[in-house]
Amino acid sequence: MSANIGRRTFVSLLGGVITAPYLLTINKLRASTNNTPAESYHGVNGYNNADLPDNTSVDSELSNTVFPVSIASGDPSDTGIILWTRLSPTEYIEYEPLVFEIYADYKADILLVQGQVDTKLIQYTDFTIKVDLSGQLQPATTYYYRFIYKGVNSRIGRCKTLPAASHEIEKIKFAVLTCQDYTNGYYGAYHAVATNREIDFVVHLGDFIYESVGDKRFQSDKYTDRKIKLSNDYGVAMSLDDYRTIYRTYRQDPWLRQALENHSWIITTDDHEVANDCYWDYQQDTLGAPDHPYANKPEFAHQRLDKLRELKLSAQQAWCEYTPTRIKLNPSNTHPHRYSQIYRQFQFGNLVNLFMLDTRTYRTAQPCGQGDVFERYLPIGCTNGANQNNTMFGSQQRDWLFSGLASSRCRWQVLGNQTFMGRLAATLLGQELAPFSVDSWDGYQAERQQLAEISQNYGVDNLVVLTGDLHASMASYLKVDYSKSLNWNWNNLSGVEFMTPAMTSAGLIEGASRLLKYKVKRPEVVKMLSEAMVRLNNPHIKRFNANDHGFATIEFNQSQCEWRVYKVSKELKKPDGKQQTMKITKYDGVPWLYS
């Protein structure tokens with residue numbers, strides 16, 4: 001947003017419209033034997049593996065000039081999708097219409113829907129555009145789309161709608177990703193995701209960006225061509241313009257662009273979309289950000305609360321602008337809790353109910369202090385994690401989730417969660433001595449237990465939690481009481497948790513070694529975070545890998561789900577097509593029979 005225009009003025013100009021208004025010029029899907037969507041739902045077969053877009057005829061140089069960060073789709077419904085693009089400010093002409101087109105085929109020959117978008121106000125959203133096609137498309141169908149501006153075609157994208165709630169779906173497959181620090185490596189994992197036709201949707205669990213651009217605790221300076229320059233000297237986002245700069249830089253990566261073009265995404269946030277280890281300070285009614293300059297630099301002391309609240313709003317706005325998401329948004333409200341709501345639900349026929357959570361906006365502070373080592377991490381002797389008042393969800397989100405789990409009739413209940421939900425601690429005879437981190441659910445144990453009990457009380461014996469954040473891959477039981485170490489006590493099990501590895505962010509051992517420098521020597525960190533030691537102290541954890549980068553997939557069917565973790569190098573500037581399957585875990589309900 002321009003410095004010359006206030007947030008409320010901006011809202012009055014937009015008239016409260018968040019997705020772009022458009023006029024359909026073809027408003028019904030054509031239907032004939034030779035002119036149907038490329039892939040649609042048939043009986044119990046679910047999705048077929050439709051072709052990836054054919055962009056061989058696109059003038060890449062011209063397209064990149066007009067659409068510098070390409071296109072994307074996300075937040076599918078059974079009758080629509082969000083389409084996204086950004087126009088180059090230097091190519092923008094006021095009142096010049098933007099056209100979008102929906103096709104049945106990957107070569108963009110069979111036109112189904114066409115619309116014209118009003119662009120006269122897009123300079124206030126950093127020239128980003130969202131088109132909400134709810135009510136215009138058919139369920140469980142693959143479509144192809146593109147934008148046209150000033151006669152220039154964007155690249156062709158592929159998108160999918162959800163099956164209707166009444167559909168019986170045999171299987172569905174997600175790619176699961178997290179922690180893609182642009183400054184810390186290359187996106188080879190996205191090349192693997194983009195070229196995989198078997199993936200139905202991409203689920204991103206947060207840390208899509210990192211607000212810091214040179215934090216020596218966890219960011220490397222070896223990738224000299226991945227550096228980001230901000231408008232301040234603090235090396236961290238301090239304004240809306242800074243967040244926008246970071247998003248634009250990330251979105252220029254060719255492999256990320258290709259993955260956004262070829263798949264429809266479902267995205268939530270973690271801390272780095274705002275600030276490291278952020279939370280909400282309810283006492284002062286502002287953002288808590290223990291490592292941010294607004295929180296700890298004396299020059300901001302007299303305006304700290306306002307600066308932190310505005311920082312949260314700026315981060316929310318930039319995320320909304322640069323992601324293909326359909327969320328509840330009230331831009332006339334300047335309180336972050338009422339400005340937007342990003343937790344939301346997606347139902348895939350009768351098979352999967354996916355709850356995408358927000359465990360950063362409403363959470364209370366880490367319970368053992370705001371320092372790093374021995375307060376947020378390894379807080380030896382601190383028992384405040386069991387405090388009943390600690391919350392990840394906040395009351396409104398908690399009620400929404402618990403009600404949704406209790407009423408769902410799908411085969412699988414799936415949570416898109418940010419930080420590790422199970423226990424990760426040093427223990428003795430099952431009793432916790434020191435949690436590894438109270439920024440994770442170990443700092444919010446009462447609410448974690450409530451969730452487990454809700455799962456048990458309502459017979460949700462097919463709960464799967466997908467998690468990111470920790471820069472490791474894991475497979476673990478979820479328990480009501482983690483002091484009971486036996487895994488075959490059925491009454492103590494509530495589901496399973498799968499953690500996807502970081503794409504590029506510093507691995508858990510590397511990050512912990514930097515964080516604990518001068519306090520714990522690296523060999524001790526390596527020993528502490530070895531798979532054998534982690535599983536010995538936490539017997540509910542069945543698999544653990546803190547060394548490798550990559551992504552994961554999870555495929556659900558009516559009898560089981562299959563979790564696959566892939567190792568992909570972050571060191572390669574050019575894709576070589578190599579990926580290594582590290583682990584395959586199959587789960588068919590509690591008790592866990594895995595392989």
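**A colleague's note on the predicted model**

1. Among contacts in the protein chain (heavy atoms within 4.5 Å) between residues at least 6 apart in sequence, 73% join residues at least 24 apart. Please keep in mind that this is a predicted model: local features need pLDDT of at least 70, side-chain atom pairs count only at pLDDT 80 or more, and totals for chains, interfaces and linings use all residues. Residues are numbered from 1 along each chain as its sequence is written, and side-chain values use heavy atoms, with hydrogens and water left out.

2. Now the overall make-up. The protein chain has 13 helices and 28 strands, taken as DSSP runs numbered from the N terminus (helices H or I, at least four residues; strands E, at least two). Of its 595 residues, 62% count as buried, where buried means under 20% relative accessible area, exposed over 50%, and partly exposed in between (1.4 Å probe, protein chains only). The accessible surface comes to about 22,500 Å², and carbon and sulfur atoms hold 48% of that; areas come from the Shrake-Rupley method with a 1.4 Å probe, and for residues only the protein chains shown count as cover.

3. Strand β23 (residues 473–479) and β25 run antiparallel and are joined by four bridges. In β25, R543 is the bridge partner of A475.

4. In the loop between α10 and β22 you will find Y458. Y458 counts as exposed because its relative accessibility is 51%. Y458 and F402 are 56 residues apart in sequence, and their C-alpha atoms are 9.8 Å apart in space.

5. I would also check K312, which sits in helix α7 (residues 304–322). K312 is buried yet has no salt bridge, and the nearest side chain of opposite charge, D358, is 5.5 Å away. Here Lys and Arg count as positive and Asp and Glu as negative, while His and the chain ends are not counted. Leaving aside neighbours within four places in sequence, K312 is in contact with V274, W280, L287, P336 and T361.

6. On to the salt bridges, each defined as a side-chain nitrogen of Lys or Arg within 4 Å of a carboxyl oxygen of Asp or Glu. By this rule the count comes to 30. In one of them, E198 is joined to K173, the closest N and O atoms being 3.2 Å apart. This pair links distant parts of the chain, with E198 in the loop between α3 (188–194) and β11 (201–204) and K173 in strand β10 (residues 171–177), 25 residues apart. E198 is partly exposed at 43% relative accessible area, whereas K173 counts as buried at 9%.

7. E321 and R244 form another salt bridge, with closest N and O atoms 2.7 Å apart. Since E321 lies in helix α7 and R244 in helix α4 (residues 240–251), the pair ties together parts that are 77 residues apart in sequence. Both E321 and R244 are buried.

8. D271 forms a salt bridge with R360, where the closest N and O atoms are 3.9 Å apart. D271 is in the loop between β12 (264–267) and β13 (279–281), and R360 is in the loop between β18 and α9, 89 residues apart. D271 is buried, with a relative accessible area of 1%, and R360 counts as buried at 2%. Elsewhere, salt bridges that share partners join D215, R217, D277, D291 and R376 into one network.

9. Finally, two backbone angles to inspect. D75, in the loop between β2 (71–74) and β3 (82–86), has a positive phi of about 45° although it is not a glycine; D75 counts as buried at 1% relative accessibility. Y95, in the loop between β3 and β4 (98–103), is also not a glycine and has a positive phi near 75°. Y95 is exposed, with a relative accessible area of 60%.

How values were computed. Two strands pair if DSSP finds at least two bridges between them.
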